[in-house]
Amino acid sequence: MEEHIANTCRGGVQKCHNTHQTATSGLIFKESFLWGKSREGRCAVSIPAQDVEESLLDPELTADAPELPQLSEMDVVRHYTRLSQWNFGVDSGMYPLGSCTMKYNPKTNEVQAARPGFSGAHPLLDEDLCQGALEMIYNLEQYLAEITGMEAVTLQPAAGAHGELAGMLAIHAYHAKTGHQRSKIIIPDTAHGTNPASATLCGYESINIHSGEDGILTPEAVAAVMDEETAGIMITNPNTLGLFEESIKEIADIVHAKGGLVYGDGANMNAIMGIVKPGDLGIDVIHLNLHKTFSTPHGGGGPGSGPIAVVKALEPFLPVPRVEKKDDRYTLVYDKPDSMGRMLTFHGHFSILVRAYSYILTMGAKGLTDVSKLAVLNANYIKESLRGDLHLPYDRPCMHECVFTDKFQADNGVSTLDMAKRIMDYGFHPPTVYFPLVVHGAIMIEPTETESKETIDQFIGAFKSIVQEAKENPEILKSAPHLAKLSRLDEVSAARKPVLRG
Amino acid sequence: MKELNELNLPEDLKYSDDHEWARVDGDIVTIGIDDYAQDQLGEVVFVEVPEVGDTFSKGDQFGTVESVKAVSEIYTPVSGEVVEANEALADAPELINNSPYKDGWIVKIKADDLSELDNLKDKASYFQMLKG
């Protein structure tokens with residue numbers, strides 16, 4: 001069988017090394033820009049004959065028609081079908097992108113979001129006419145409050161970094177309200193890169209602190225910089241090394257003692273959902289990525305959603321309108337004098353919220369807890385299986401993702417980038433590379449709970465095979481990928497001399 | 001990646017622990033990143049330099065160097081006012097890789113107090129630090 005696969009692959013044995021390789025070559029179409037296909041008069045719709053009297057608009061309201069390519073329906077369908085075939089997604093293969101939680105997006109979520117009552121509802125409908133939509137918003141907020149152990153939730157923020165901004169605006173508003181605005185915020189080196197940006201937008205200066213030798217933060221490091229000019233700390237838990245911040249409670253106590261607040265970056269919630277409630281750890285505000293933890297489409301698949309959950313003291317500052325429930329009736333409440341105002345038009349990314357709601361209801365409490373258990377088990381299985389093949393900078397149990405480096409491969413001149421490119425030839429999306437920054441040559445793998453043991457074993461086998469290739473045939477790695485539509489891209493020229501217009 | 005003994009570390013410069021170099025000429029200090037830093041970063045694709053007239057205190061971040069791998073902050077080893085920034089880096093960031101000590105200089109600062117440079121390392125002790 002192995003020989004058969006090898007013989008039928010383009011490029012022969014060199015490109016189809018072994019059975020760990022789940023990818024082969026195929027016929028991929030070139031595709032031009034739609035403008036190149038445009039022909040005068042070509043059209044994809046037949047407009048019905050005019051059966052009413054012509055009534056011209058005021059010329060002041062009109063202008064030249066927009067310039068659009070003229071195409072038949074088949075031109076358009078083939079164009080986007082071909083582009084989609086160039087793509088790699090969770091629906092085509094394992095996507096172990098660390099810190100991104102690229103889990104499978106169940107199709108039932110799509111069915112629920114497409115229900116006419118949701119998909120056809122206008123966001124400006126009178127409350128009486130959209131009670132079901134408001135009920136969904138209210139219930140989802142309640143569920144997320146329960147999962148995080150917090151008092152209140154807003155679903156408005158558009159995605160994770162926007163949620164961070166909303167959370168930091170709540171902290172900023174809290175300090176303003178209590179009479180003493182502060183100037184600084186503590187950010188550990190294992191936090192997400194967007195954290196300092198969110199803090200800066202609120203006018204806070206970032207004070208960076210280093211994690212300890214075992215990759216987690218020490219209470220001493222926080223105590224050394226925490227003072228009454230510091231608004232609080234932004235902490236990612238589990239952190240970007242995939243490690244649980246074990247001193248989180250002590251750290252929260254240190255920050256609270258000086259009047260500061262604790263911002264939790266919930267991007268890594270997939271490791272602790274149902275096991276630990278951030279509210280019990282002393283966190284005051286946390287954002288969630290529905291497009292990570294709650295299985296809504298991620299990346300090019302659709303808009304994100306970054307709700308925040310807060311403790312009672314921060315509830316007055318949440319964006320308006322709030323959905324409130326009184327006697328089985330849901331109302332939109334705008335009268336919140338301390339609110340930060342709107343974070344987004346209408347009610348957030350509503351149809352994404354429906355998908356997350358569908359996920360929570362289909363999984364149930366036990367199912368969501370199992371998600372975290374399996375996500376952590378899968379990551380530790382990969383960590384243990386590849387130990388020895390790849391260098392493990394922090395040798396301790398990990399959470400939902402594990403971090404390796406290219407240290408063992410350096411002698412053969414093979415880098416993290418080369419291995420990441422080569423894994424594409426085996427039919428896997430590359431893991432996250434060169435992040436977190438505190439690890440030199442990092443390879444960060446997050447399998448998520450949705451991959452089967454068989455698929456994970458294939459991935460492990462692929463990586464072991466690449467490690468072998470690095471010793472025997474490093475050139476095949478340095479020029480990889482070989483089976484992708486485009487081979488190694490010139491990243492340097494792309495960054496130095498970008499072509500920003502087609 | 002270069003071996004340590006392949007690094008070009010001129011004798012007449014002072015080096016910071018963060019891999020910046022400094023050259024003193026009167027009260028003007030020219031600052032850049034050294035061969036070790038450019039080699040570790042890889043191909044530099046963008047350099048953010050400060051404005052002439054900006055003032056910095058020792059240890060402040062005054063710019064960033066972005067490579068295909070990462071964005072790194074650069075810190076000034078001396079307090080003072082920026083008198084010149086290397087505008088050529090905007091169109092040719094590769095100067096940092098090709099000529100870190102000459103054409104790839106980043107900024108010239110009129111120093112408030114040259115004695116701040118005393119705790120920088122000379123070539124020998126910097127090289128010792130890299131060896132670890």
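Which residues of H7(A) are buried? In this predicted model, in which local features need a pLDDT of at least 70, side-chain atom pairs count only at pLDDT 80 or more, and totals for chains, interfaces and linings use all residues, the buried residues of H7(A) are Ala133(A), Leu134(A), Met136(A), Ile137(A), Leu140(A), Glu141(A), Leu144(A), Ile147(A) and Thr148(A). A residue is termed buried if 20 or more other C-beta atoms, placed from the backbone, lie within 10 Å of its own, exposed if 12 or fewer do, and partly exposed in between. Viewed down the axis of H7(A), these buried residues fall within an arc of 155°, so they line one face of the helix, the arc being that of the directions from the helix axis to the C-beta atoms. An α-helix has 3.6 residues a turn, so residues three or four places apart point the same way. Residues are numbered from 1 along each chain as its sequence is written, and chains are lettered from A, with ligands numbered from 1, in the order in which they are written.

Helix H7 of chain A comprises the 18 residues 131–148, and its end C-alpha atoms are 26 Å apart, in agreement with the 26 Å that it should span at 1.5 Å a residue; the expected span is 1.5 Å times one less than the number of residues. Helices (H or I, at least four residues) and strands (E, at least two) are DSSP runs, numbered from the N terminus. H7(A) is followed by Gly149(A), whose phi is positive, near 70°.

Confidence was examined for each chain by pLDDT, the predictor's confidence in each residue on a scale from 0 to 100. Chain A averages a pLDDT of 92, with 96% of the residues scoring at least 70, while the mean pLDDT of chain B is 94, and 100% of its residues reach 70 or more. Over residues 1–14 of chain A, however, pLDDT stays under 50, and for this segment the model has 15 contacts beyond four places in sequence, two residues being in contact if their C-beta atoms, placed from the backbone, lie within 7 Å. For the complex, the predictor gives an ipTM of 0.73 and a pTM of 0.87.

Chain A is divided into domain 1 (110–363) and domain 2 (367–488), with bounds that come from an automatic or database domain assignment. The C-alpha centres of domain 1 and domain 2 of chain A lie 30 Å apart, and 19 residues of domain 1 of chain A are in contact with 19 residues of domain 2 of chain A. On the side of domain 1 of chain A that touches domain 2 of chain A, the residues divide into ten nonpolar, seven polar and two charged; here Ala, Val, Leu, Ile, Met, Phe, Trp, Tyr, Cys and Pro count as nonpolar, Asp, Glu, Lys and Arg as charged, and the others, Gly among them, as polar. Between the chains, six residues of chain B are in contact with six residues of chain A, and the side of chain B that touches chain A is made up of four nonpolar, no polar and two charged residues.

Helix H14 of chain A (453–472) has 20 residues and reaches 28 Å from its first C-alpha to its last, close to the 28 Å expected at 1.5 Å a residue. Its buried residues are Gln458(A), Phe459(A), Ala462(A), Phe463(A), Ile466(A), Glu469(A) and Ala470(A), and, seen down the axis of H14(A), they fall within an arc of 135°, so they line one face of the helix. These buried residues pack against helix H12 (350–386), H13 and helix H15 (474–478) of chain A, whereas Lys453(A), Glu454(A), Lys471(A) and Glu472(A), on the other side of H14(A), are exposed.

The peptide bond from Asn237(A) to Pro238(A) is cis, with omega near -5°, and Pro238(A) lies in the loop between strand E4 (230–236) and helix H11 (248–257) of chain A. A cis peptide bond also joins Phe435(A) and Pro436(A), with omega about 0°. Thr448(A), although not a glycine, has a positive phi of about 65°, and this residue is buried, with 25 other C-beta atoms within 10 Å. In chain B, phi of His19(B) is near 75°, a positive value in a residue other than glycine; His19(B) is found in the loop between strand E1 (14–15) and strand E2 (20–25) of chain B.
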